[in-house]
Amino acid sequence: MSGALLSVEDAVVDLPTPRGNLRAVDHVDLAVGAGKTLGIVGESGCGKTMLSRAVLQLLPKKARLSGRVMFDGQDLTTLSAEKLRKLRGRSLAVVFQDPMTSLNPVLTIGTQLIETIQEHLELDLAQARQRSTELLAAVGIPAPEQRLAQYPHQLSGGMRQRVAIAVALSCEPQLLIADEPTTALDVTIQAQILDLLAREQQRRHMAMIIITHDLGVVAGRTDEVAVMYAGRVVERAPTPALFKQMRMPYTEALLAALPKLDVPPHTPLPAISGRPPDPTRPLKGCSFSPRCRYSAGRCSTEKPRLSPAETLEHLYACFHPLAAGSGA
Amino acid sequence: MLFFVARRLLYLVPVLIAVSVLTFVIASLLPGDLAYVILGDQATPENVAALRHDMGLDQPIWLRYLGWLWHILQGDFGRSFRTGQTVWQAVSDRVPVSFELMIFAELIGLAIGVPLAIACAAKAGSAFDRFMTGTAFGMLSVPTFLSAILLIYLFAVELRLLPATGYVPFTEDPVANLRFMVLPALTLGLAEWPGIMRVLRSDMIAALQEDYIALAKAKGLKPSRILFVHALKPSSLTLVTITGINIGRLIGGAVIVESIFALPGIGRLLVGAIYTRDLIILQGVVLLVAAGFVIMNFIVDLLYAVLDPRIRHGHA
C-alpha cells in the first residue's frame, strides 16, 4: 500500500523484563490511507497499545522497536527528535484511554489547549484562545469560554475526554490515534464520544485509528479492522467484509463475548476460556491454539501466516478458518 | 479561597495552645529553682521563700501557666532577670540576623538543589544522576560543624577572602554584612541542598512517568516545557513542604552555626539563656520560635493551594 498515509511495516517491539524478553508486537504490518479509519481490536495485553506507542515513538525507554513506521513519506523510527516533535501534535495526534490521568492536573484546560496550538501554529495568544474556545464548542462542551480557566478535576470524565479530543484536534492533524478512548468512561458516555470522534473525523477528513477491545465499537465506525492477538495481527479485513464473514476463530470468539440485547436475561456470556499466552514464553504454533475449539494437528507446532482469503483485502492467519458463510 | 484560609487559621489556635503548654511545662521541669538562680548560693531560705512568693513560684503550675499565658496575650512575654531586657526586645534584636541567615541559606540550598534535581530526573539512571545522588547522600552525612570549620579554613585562613567570625548590621554597612553572612549561609545551604535535591528528584521522576507527560510529548511540546512546566509544577508540592520545614527549623535551629561564626542571632540567644539559666528568656524564645514554625507551616499550606488547584477546591 504505497498510497497510505501511515504504514507500519514488519514492526517488532521487544521489552526486556526480569522474566525474559517480552515480544509485545510481533511482525505487524498495517496501513491507513488518508481520511480512512482503521480499528485495531484485541483483548488486554495483546499489544494494541504498544503498537500505537510504537507509531507515536513513545515506547518505554527500554523497549526496542524494529521495522519501519512510514508516515507521510517519512520513516518515524529514524526521524530526528526535533522533526518528530514538529510532527507530533501537528500532523499526528493521540487521545489516550484515561482522561483522568492524561490531562495535567495543575494546568488549566486553556493552558493545555493553547500551548499545543501555539507550539505548532503561528497564532498569537488572543487567536489561540479564540481557537481553543471554538474547539471546546466543537467537541460539545457547554460554556467553552469559562472552561478555559478551569482545571481538569472540575470536569466529569466524559467532559475531560472531550477536552482531550479538542487538544488532539487542535492543529488539524492528518492522523488521530484514539487508544481505547471510551474504556474508562461510563457506558452512557461511550457512544457520545465515539460519535463525536466519527463526526470530527468525517468533517476534518483526517485518518483515524481506533484501538479497542470491543468489536462493537469498530462496527459501522471504521473502514478496516485489524484483529490482534498475542502481538500479531491475526485477521484483517474491510469492516463490512469482516462482519459479513469472519474467518479467524479468535475474531468469532471476541464477537460472541459481546453482550447482546436479543439474548434472554441471565444467559451466561460465552467468554473466551483461558488467558492469552505468556508473552515472554512464545509458543511454537498458533498463539490462539490453546484456547481455540477448532485447534487440531499442526496448529500447535506451526505458526499460520497472515494470508489472503477469497479477496486480497481480507487476510487471516489460521489453518482451520471458519467456513465461508458461517459468520455472525 | 477565603474560606480555606479562615479554616486553616482556625486550626492554628489549638496547635499554638499546645505549643505554649509544652514550652511552659518543659521550662518548669528544668532542674534548679528560679529563685535560687537569681539570689545565688549565698541566699537564706527566708529570702528564697520571699522571692518565690513574689514571683508566684509557690503557686500550682497550672495557675502559673494561666498567668503567663494571660500576660503573653497582652503582649508581655516577661523580662530577663539578668539583663532586664524584655523577651520581646531580645528576640526582635536577634531576629533580623537569624532571618537573614535563614533566607540566604535556603536560597543557596534551592539554587544548588533544584537545578541538580531537574537535571538528574531528566537523565534518571545515567552516570551523572548516580554520581549526584551519591554526592547528595554524602553531603547529607556531613555535620554542619565540620563543613563550617572546613569553609573557615578554606576561605578565611587559606584564601583570606572572607571573615571567619563577626557581624555588622545590614543597615550599618551592607557590604560588610554580606561578607560576614557568606560563610554561615553557605554552611547551612550545603546542608540543605541534598534534601531538596533528593525529594524533588524522586518526585519529578515519578511525575515523568505519568500519562500527562506522555500526552505532553505526543502534543509535540518542547522538552524544556515538558520538564519545567508539566513535570516541575506538579512535583513542587513536596519541595514547598521541605523548604517550609527547613525555614522553620532554621529560625531557631541555627544554634551551632551562629555559635561558630559568632552571629548574634536567635540561636545564640537560646544558648546564652540556657547557660545563664535565664528561664524567662528561654521559654519566651522557645514559644516565639515554635509559633514562627507553626506560622511557616501555615504559609506552606497556603502555597499548596496556590500550586495545586485540587487542594484549593477542596478535592484533596
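Biologist: How far apart are the C-alpha centres of domain 1 of chain B and domain 2 of chain B?
Modeller: Those centres lie 33 Å apart. Domain 1 of chain B covers 2-73 and domain 2 covers 93-312, with bounds from an automatic or database domain assignment. Keep in mind it's a predicted model: local features need pLDDT of at least 70, side-chain atom pairs count only at pLDDT 80 or more, and totals for chains, interfaces and linings use all residues. Residues are numbered from 1 along each chain as its sequence is written, and chains are lettered from A in the order in which they are written.

Biologist: And how many residues does the contact take from each domain of chain B?
Modeller: 15 from domain 1 of chain B and 14 from domain 2 of chain B, where contact means C-beta atoms, placed from the backbone, within 7 Å.

Biologist: Which helix gives the most on the domain 1 side?
Modeller: H1(B), with 11 residues. Helix H2 (34-39) of chain B also supplies at least two, as does H1 (2-29); helices here are DSSP runs (H or I, at least four residues), numbered from the N terminus.

Biologist: What's that side like by class?
Modeller: 11 nonpolar, 3 polar and 1 charged. Ala, Val, Leu, Ile, Met, Phe, Trp, Tyr, Cys and Pro count as nonpolar, Asp, Glu, Lys and Arg as charged, and the others, Gly among them, as polar.

Biologist: Switching topic: how many residues does the contact take from chain B and from chain A?
Modeller: 19 from chain B and 25 from chain A. On the chain B side, H9 (211-218), H10 (223-253) and H14 (309-312) each supply at least two residues, and H9(B) gives the most, with 6.

Conventions
Contact = placed C-beta atoms within 7 Å.
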